[in-house]
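Here are some friendly notes for a first look at this structure. Keep the sequence and the 3D view side by side as you read.

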Amino acid sequence: SENQHYTSVDGILYSKDKTVLMTCPSAKKIESFNVPYGVLVIDKGAFEFHEELTTLIMPNTVTCIEDYAFYYCPNLSNVTFSKNLSVIKMSAFSMCDLKGMLTLPDSLTYLEFNAFGNNYGITEVYIPKKLYYIGSGAFSSCYYLNKYSVSSENKYFTSLDGVLYNKNLTEIVSVPIGKDVENYVIPDTVTKIRDEAFDSTVVSNITFSENLTEIGQSAFAYCQRLESITIPN
């Protein structure tokens with residue numbers, strides 16, 4: 001009780017003012033968890049490897065979910081996001097069991113690398129109006145993802161036939177792994193293919209835009225059906 005930096009509630013460690021949920025003990029069995037009101041940040045690795053966790057409910061005070069916060073919670077299938085959530089960091093929900101349409105909250109502005117990687121049941125992702133940064137591979141290995149949809153109010157991204165582009169269609173941001181893109185023609189407006197944009201897709205024939213000037217890192221990694229390409233001048 002005299003510690004000035006930390007406190008414990010039901011065996012879970014918090015910062016003294018209870019604004020940061022720091023860690024839930026690995027051996028603590030929790031199937032459903034309501035994050036206490038007043039928590040602003042769910043810290044790095046706070047719930048990683050909690051295989052029993054199925055349901056997570058956040059209060060609207062939560063603004064940030066740190067790296068690996070819910071990494072490898074393989075039964076986590078129900079998540080209620082805070083309406084004020086702004087940042088989801090690296091691998092925060094990687095290796096979980098989210099299914100169907102993933103609707104990210106309108107408050108979200110920043111989504112890091114592999115944030116929702118390896119959620120095999122996700123079929124569609126809704127990009128909200130304030131989101132301006134999506135890290136490469138944010139939805140890597142989501143093998144049934146076949147569509148991105150984007151809020152009409154978003155100033156940074158748009159969707160064309162389910163593929164995610166920047167707003168003015170000059171950059172391909174991400175191609176859903178589950179989408180049939182076997183023969184894909186890149187629009188003439190495109191000058192850049194971002195990192196990991198076609199990662200693990202079924203593309204076998206691709207026609208590049210003649211205006212293309214840049215192909216990002218690992219843009220076509222693990223495209224096992226892609227046999228040949230022609231680089232534009």
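1. Let's start with how the chain touches itself. Of the contacts in the chain between residues at least 6 apart in sequence, 25% join residues at least 24 apart. Please keep in mind throughout that this is a predicted model.

2. Next, the secondary structure and overall form. The chain has 21 strands and zero helices. Its radius of gyration is 19 Å, close to the 17 Å that the globule rule gives for 233 residues, so the chain is as compact as a globular protein of that length. Along the principal axes, the C-alpha atoms fill a box of roughly 70 × 30 × 25 Å.

3. How much of the chain is buried? Of its 233 residues, 49% count as buried. The chain exposes about 11500 Å², and carbon and sulfur atoms supply 46% of that area.

4. A word on charge. The chain carries 17 positive and 26 negative side chains. The centres of these two sets lie 8 Å apart.

5. Tyr-184 belongs to strand β18 (residues 183-185) and Phe-198 to the loop between β19 (192-193) and β20 (205-207), so the pair ties together parts that are 14 residues apart in sequence. Tyr-184 and Phe-198 are both buried.

6. Which residues do ring pairs link into a cluster? They are Phe-33, Phe-47, Phe-70, Phe-81, Phe-93, Phe-116, Phe-139 and Tyr-148.

7. Now return to the loop between β11 and β12, where Asn-114 lies. Phi of Asn-114 is near 60 degrees, a positive value in a residue other than glycine. With a relative accessible area of 10%, Asn-114 is buried, because buried here means under 20%.

8. Asn-118 lies in the loop between β11 and β12 as well. Its phi is near 65 degrees, again a positive value in a residue other than glycine. Asn-118 has 17% relative accessibility and therefore counts as buried.

9. Finally, visit the start of the chain. Where is Gln-4 found? Gln-4 is in the segment before β1 (6-9). Its relative accessible area is 66%, so Gln-4 is exposed. Gln-4 and Ser-15 are 11 residues apart in sequence, and their C-alpha atoms are 9.0 Å apart in space.

Methods
Residues are numbered from 1 along each chain as its sequence is written. This is a predicted model: local features need pLDDT of at least 70, side-chain atom pairs count only at pLDDT 80 or more; totals for chains, interfaces and linings use all residues. Side-chain values use heavy atoms; hydrogens and water are left out. Helices (H or I, at least four residues) and strands (E, at least two) are DSSP runs, numbered from the N terminus. Buried means under 20% relative accessible area, exposed over 50%, partly exposed in between (1.4 Å probe, protein chains only). The radius of gyration is taken over C-alpha atoms; the globule rule is 2.2 Å times the number of residues to the power 0.38. Contact means heavy atoms within 4.5 Å. Accessible areas come from the Shrake-Rupley method with a 1.4 Å probe; for residues, only the protein chains shown count as cover. Lys and Arg count as positive and Asp and Glu as negative; His and the chain ends are not counted. The place of a charge is taken as NZ of Lys, CZ of Arg, CG of Asp or CD of Glu. Rings of Phe, Tyr and Trp (its six-membered ring) pair if their centres lie within 6.5 Å; planes under 30 degrees apart count as stacked, over 60 as edge-to-face and the rest as tilted.
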